[in-house]
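This short report looks at charged side chains and how they pair up. Keep the sequence and the model side by side as you read.

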Amino acid sequence: MQVISEWGLSGVKALIDSADAFVVVDVLSFSTCVDVACSKGAQVFPFPIHDREAAQQEARHRNAVLAGNRSDKTARFSLSAPTLQSIPEGTRLVLPSPNGSHISFAAKGKPVLAGCLRNAAAVAIEAMNTVGEGTLAVIPAGERWQDGRLRPAIEDLIGAGAVISALTGSLSPEAIVARDVFHASRADLVDRLMHSTSGIELCERGFPQDVEIAAAYNVSTCAPILRQDFYTAAG
């Protein structure tokens, strides 16, 4: 298997013709939330648009529950992993996210998996079974600066490296670097994520538990795969 890696939405667009499958890695917080929800038996519909009315229409169309804003303390579910730890089995959840969701939509013509630190080994196994001797693209999502430009996010590079470290095959230089960054961070994942730009932002907003849950390594055996328009646990 060939393993390649590029950043974000532009990376998916650049690799869409050459990759046989994609792993989307958005550790804080889309991929982590998808893993937590799917491991409980939920179906997660990614929604990429910052438009609450459109998201509500999508939820009605899907006969699904719409995740609230992270800052909305009254929301039963949101893009905050702790709110999804008790999600009932069979729940259909529309999950708005400008990065992980958008990238998932861009790649969905091919098999797409949602990878994070929590499920790195499980996603790697499913990816190898899916791709065989083909080409797998591991995509660290990154964040966005206020002007819309990509902000490389170390938590996503570390998460991508965690998935790559569990794969066998030929690695591109970019994949090797991601793997090595994970190995260098392995002993201090909570500290690295807490002190990343994204981690600091979440802690300052009152969501340190989100970071702690995202930093847990290989605690999940769930490999969320995008089937048509929703993520569900593979197998």
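## A neighbouring pair

Arg179 has a relative accessible area of 26%, so Arg179 is partly exposed. Partly exposed means between buried (under 20% relative accessible area) and exposed (over 50%), using a 1.4 Å probe and protein chains only. Asp180 is also partly exposed, at 37% relative accessibility. The side chains of Arg179 and Asp180 form a salt bridge, 3.1 Å from N to O. A salt bridge here is a side-chain nitrogen of Lys or Arg within 4 Å of a carboxyl oxygen of Asp or Glu.

## How the model is read

This is a predicted model: local features need pLDDT of at least 70, side-chain atom pairs count only at pLDDT 80 or more, and totals for chains, interfaces and linings use all residues. Residues are numbered from 1 along each chain as its sequence is written, and side-chain values use heavy atoms, leaving out hydrogens and water.

## Bridges across the sequence

How many salt bridges are there? The count comes to 7. One of them joins Arg62 and Asp229, at 3.0 Å from N to O. Arg62 lies in helix α3 (residues 52-62) and Asp229 in the loop between β11 (224-227) and β12 (230-233), so this pair ties together parts 167 residues apart in sequence. Helices (H or I, at least four residues) and strands (E, at least two) are DSSP runs, numbered from the N terminus. Asp229 is partly exposed, at 23% relative accessibility. A network of salt bridges links Glu58, Arg62, Lys108 and Asp229.

## A buried pair

Asp210 and Arg70 are both buried. Their side chains meet in a salt bridge of 2.7 Å, N to O.
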